[in-house]
Amino acid sequence: MSEPAFHTDLAPEISYGGYLRLDLLLAAQQPRSQHHDEMLFIIQHQTAELWMKLMVHELSAAIERVRRDQLDACFKILARVKHIQWQLFDQWSVLETLTPTEYVQFRDVLGPASGLQSFQFRALSFLIGAKEPALLEVHRHDATVHAWLTRLLNAPALYDEFLRHLARRGLPVPAECVERDWSVPYARHDGVVQVLKTIYDAPEKWWDAYEMCEKLVDIEEYFQLFRFRHVLTVERAIGFKRGTGGTSGVDFLRRRIDQRLFPELIEVRTLIEKA
């Protein structure tokens, strides 16, 4: 049923499709085989890249807020990131409808293309502290992307900036956690455990820092859930074949599941007791 107020005289640039650039978006699916299920494979990964673009946008904003000592302004941002992470986790279920018999019919058309080469996943990994300098080499073929990722690799990640923030507030964060080689993965420190215990022992005094700690735990948990679901999805699709990007496949992915981003935020829970 129509209404007389509907806008029907629309130029492309002011229409729904024009605003969203659907001409570009919907033309971006270009299967290389005739197999029906390749469309699913392409759209699955393109959708993931769109969500990752938003995550990079949000995490960059969160880091900037922490640098300005504006923890409260981070909370909604990081809550949104958690929901995006859930979308990425949940959408694996769609790809899991692709059976190994179906996938093998077009897997060869990927050539060396692999999710390992996702520069946006690499960017968000660097932003949350999953620093792996060796993987930067995968992006050397694109000078612009390589330069951007190099900057992120050598900059403090979200947890680094949080610890620097706590130090500015007078908490005894160890000096080696405040200034260090940011390209190296973060290593747990006994001193940081004690700083976090101070916060968890008096949440009413350190409320914004206490809330930030819990938001960071959310981010790490959902990041690990995404990685775990990724492993299971790859395992059921290709078993123990090598990855198209040259990795060992499932084994390569499994080794990353136990990587801790914010180790003291879990360890401090062991020390928390009833007041």
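## Basis and overall fold

Helices (H or I, at least four residues) and strands (E, at least two) are DSSP runs, numbered from the N terminus. The structure is a predicted model, in which local features need pLDDT of at least 70 and side-chain atom pairs count only at pLDDT 80 or more, whereas totals for chains, interfaces and linings use all residues. Residues are numbered from 1 along each chain as its sequence is written, and side-chain values use heavy atoms, with hydrogens and water left out.

By that assignment the chain has 14 helices and 0 strands, and its pattern along the sequence reads α-α-α-α-α-α-α-α-α-α-α-α-α-α. Taken along the principal axes, the box filled by the C-alpha atoms of the chain is roughly 60 × 60 × 40 Å.

## Helix H12 and its packing on H4

Two packed helices are described by the angle between their axes and the distance between the axes. For helix H4 (residues 72-90) and H12 the angle is about 15° and the axes lie 9 Å apart, where axes are lines fitted to C-alpha atoms, for helices over the stretch in contact, and angles run from 0 to 180 degrees between N-to-C directions. H4 is therefore roughly parallel to H12, since angles under 35 degrees count as roughly parallel, over 145 as roughly antiparallel, 65 to 115 as roughly perpendicular and the rest as oblique. The crossing of H4 and H12 is left-handed, a term used if the near helix is turned anticlockwise from the far one by less than a right angle, with right-handed used if clockwise.

Contact (heavy atoms within 4.5 Å) between these two helices involves, among others, Phe75, Leu78, Trp86 and Phe89 of H4 and Met212, Ile219, Tyr222 and Phe226 of H12. By class, the contact of H4 with H12 has 14 nonpolar, 1 polar and 8 charged residues; here Ala, Val, Leu, Ile, Met, Phe, Trp, Tyr, Cys and Pro count as nonpolar, Asp, Glu, Lys and Arg as charged, and the others, Gly among them, as polar.

Arg236 also belongs to helix H12, and, leaving aside residues up to four places away in sequence, Arg236 touches Glu96 and Pro100. The C-alpha atom of Arg236 is separated by 28 Å from that of Leu54, a residue 182 residues apart from Arg236 along the chain.

## Helix H7 between two contacts

Helix H7 (residues 119-127) and helix H3 (residues 38-67) have axes that come within 9 Å and cross at roughly 25°, which makes H3 roughly parallel to H7. H3 passes H7 in a left-handed crossing, and the residues that meet include Met52, Val56, Leu59 and Ile63 in H3 and Phe121, Leu124 and Leu127 in H7. The contact of H3 with H7 comprises 9 nonpolar, 2 polar and 2 charged residues.

The axes of H7 and helix H8 (residues 143-153) also come within 9 Å, and they cross at roughly 15°, which makes H7 roughly parallel to H8. This crossing of H7 and H8 is left-handed. Phe119, Arg122, Ala123, Phe126 and Leu127 in H7 meet Val145, Trp148, Leu149, Leu152 and Leu153 in H8, and these residues divide into 9 nonpolar, no polar and 1 charged.

## The second largest pocket

The second largest pocket has a volume of about 160 Å³. A pocket, on a 1 Å grid over the protein atoms alone, is an open set of points where a 1.4 Å probe fits, with protein on both sides within 12 Å along at least five of seven lines, and lining residues have an atom within 4 Å of a point. Grid points are joined across faces, edges and corners, and the volume is the space filled by probe spheres set on the points.

The lining consists of Val217, Glu220, Glu221, Gln224, Ile257, Asp258, Arg260, Leu265 and Ile266, and the elements that give two or more residues to it are helix H12 (207-238) and helix H14 (263-267). H12 supplies the largest share of this lining, 4 residues. By class, the lining of the second largest pocket has 4 nonpolar, 1 polar and 4 charged residues.
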